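Work each one on the model before reading its solution.

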Amino acid sequence: MSASPTNIIDVNMPSTTGAAAKTQVLPSFSRNVERTLDPCVVLMKDLVGQYADSWKDKGGIYSLAQGVVYWKPPEQATVAMKEALDDIDSSLHLYGPDEGLESLREELCKKVAKENGLDDHHVMVTVGANQAYVNCVLTLMHDTDKCVVFAPYYFNHVMALQMTLPESSMVVGPSTDSSSAETSQEQRQQEDGTPDAVWLERALQNDPCIKVVTIVNPGNPTGTHLSRGLLQKIVDLCRQYNAWLVLDCTYEYFVPNSEFDGCFSDPHVLHIFSFSKAYALAGYRCGYLVIPKSAMGLYEQMMKVQDTIPIAPPRISQVAALASLSAGKEWVQSRVATLNTGRQAILEALRPLEKIIGGSGAMYVMGKLPLGENDKIMDDQEFASLLVKDFGVAVIPGSFCGFPGWIRVCYANLPPEQCLRAAERLADGLRTLIDGQ
């Protein structure tokens, strides 16, 4: 590995002798952080800002990039926060328990037991699901261990691995491809995007350094709802080869026309959940980890990480989360049902593409862009820039998800009527692209 670049800045050094300004050579940056992916959502927001003025009189730029929902938090959350802020005896300004407020954790224990079948588990409240995953990486992995993620992957999971561990620690597995000769044309167009369990078995057999496997279900960025049977096979493989399995269940309620059944009580399985999507609390940063009590010592070791990173999650965010739980699963599902219009419109907009992934879960669909000259993979970042500049719609380039030449489209961040207009812009952009080939 080559050395990190030297950082040179000009510094006006005060001097009583009248000496000229000196050039200071700074120490290098972390090599791990330097090779970490750039934050693609930040890049896309900057790009939208760059062209915002030119679209101001046309309804603005529609963002189908960041994974957020268009609805507001439950009224119960707003009321509870106002009451907490108005309480002169409030303890909102104080540190809370590292693991989260007892009142919230008690309700979460009831929730995961009733809805997810996780009875005998610890709950640790985190500053969003991303912090929960960092907790897992730092607690479960040695420098010589490896973690499996499946492409297309969730970029923040990969960034967490890149910035905390050696480059060799991440193993990228494939998703299954339904484009074989035996499948229909419709099946060939829409890949299922599920983790390849056959590949995983071989990888675990051949590499005893693999100690963690990461699965997002329903999938980000794939928008695919995984079957119970496939997940059970992965659970069994991880048990057989002595690996931890981290299941990110952030999108548990985003399963149209079906029920989420993706949790397992085995001692080697950890679950991550979030309030950001379902209850629209993204800005409040509140998630939680569910850790089996049968994994002796794991909770106690993870508390060291928890105490170091947030010390404790913010009290006000937990007040909002606790009140949101009272709105109930049905409150969330009624809003998720409104996403069907946008989902169908985005699928239709992507139909001219050769392959599509998603539509069965979460809030995403992925599409494969046509090949360029000499069958070269298209520059998805350049295409995403053109979509913003020329068509007023933003998406995430697939290269940030380990899928160059693809795009990820979110259909939840706009109300249905606006999502329809965004889908029209996306379709226009794709038609122009394909016609120009």
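**Exercise 1.** Which strands each supply at least two residues of the lining of the largest cavity?

Solution. The model is predicted, with local features needing pLDDT of at least 70 and side-chain atom pairs counting only at pLDDT 80 or more, while totals for chains, interfaces and linings use all residues. Residues are numbered from 1 along each chain as its sequence is written, and side-chain values use heavy atoms, with hydrogens and water left out.

Step 1. The strands are S5 (146–150) and S8 (210–216); strands (E, at least two residues) and helices (H or I, at least four) are DSSP runs numbered from the N terminus.

Step 2. S8 gives the largest share of this lining, 3 residues.

Step 3. In total 19 residues line the largest cavity, and Phe 150, Pro 152, Ile 215, Val 216 and Asn 220 lie nearest its centre. On a 1 Å grid over the protein atoms alone, a cavity is a set of points where a 1.4 Å probe fits but cannot get out, a pocket is an open set with protein on both sides within 12 Å along at least five of seven lines, and lining residues have an atom within 4 Å of a point.

Step 4. The space in the largest cavity is about 190 Å³, a volume being the space filled by probe spheres set on grid points that are joined across faces, edges and corners.

Step 5. Its lining has 11 nonpolar, 8 polar and no charged residues. Ala, Val, Leu, Ile, Met, Phe, Trp, Tyr, Cys and Pro count as nonpolar, Asp, Glu, Lys and Arg as charged, and the others, Gly among them, as polar.

**Exercise 2.** Which element gives the largest share of the lining of the largest pocket?

Solution. Step 1. About 610 Å³ of space lies in this pocket, and 28 residues line it, with Asn 130, Tyr 154, Phe 155, Asn 156 and Arg 285 nearest its centre.

Step 1. Helices H2 (40–51), H5 (128–140) and H6 (155–164) are the elements giving two or more residues to the lining.

Step 2. H6 has the largest share, 5 residues.

Step 3. The lining of the largest pocket divides into 16 nonpolar, 8 polar and 4 charged residues.

**Exercise 3.** At what angle do the axes of H3 and H11 cross?

Solution. Step 1. The axes of H3 (residues 75–86) and H11 (residues 315–336) cross at roughly 140° and come within 7 Å. Axes are lines fitted to C-alpha atoms, for helices over the stretch in contact, and angles run from 0 to 180 degrees between N-to-C directions.

Step 1. H3 and H11 are therefore oblique to each other: angles under 35 degrees count as roughly parallel, over 145 as roughly antiparallel, 65 to 115 as roughly perpendicular and the rest as oblique.

Step 2. Contact means heavy atoms within 4.5 Å; among the H3 residues that meet H11 are Ala 77, Ala 80 and Ala 84.

Step 3. The contact of H3 with H11 has 10 nonpolar, 3 polar and no charged residues.
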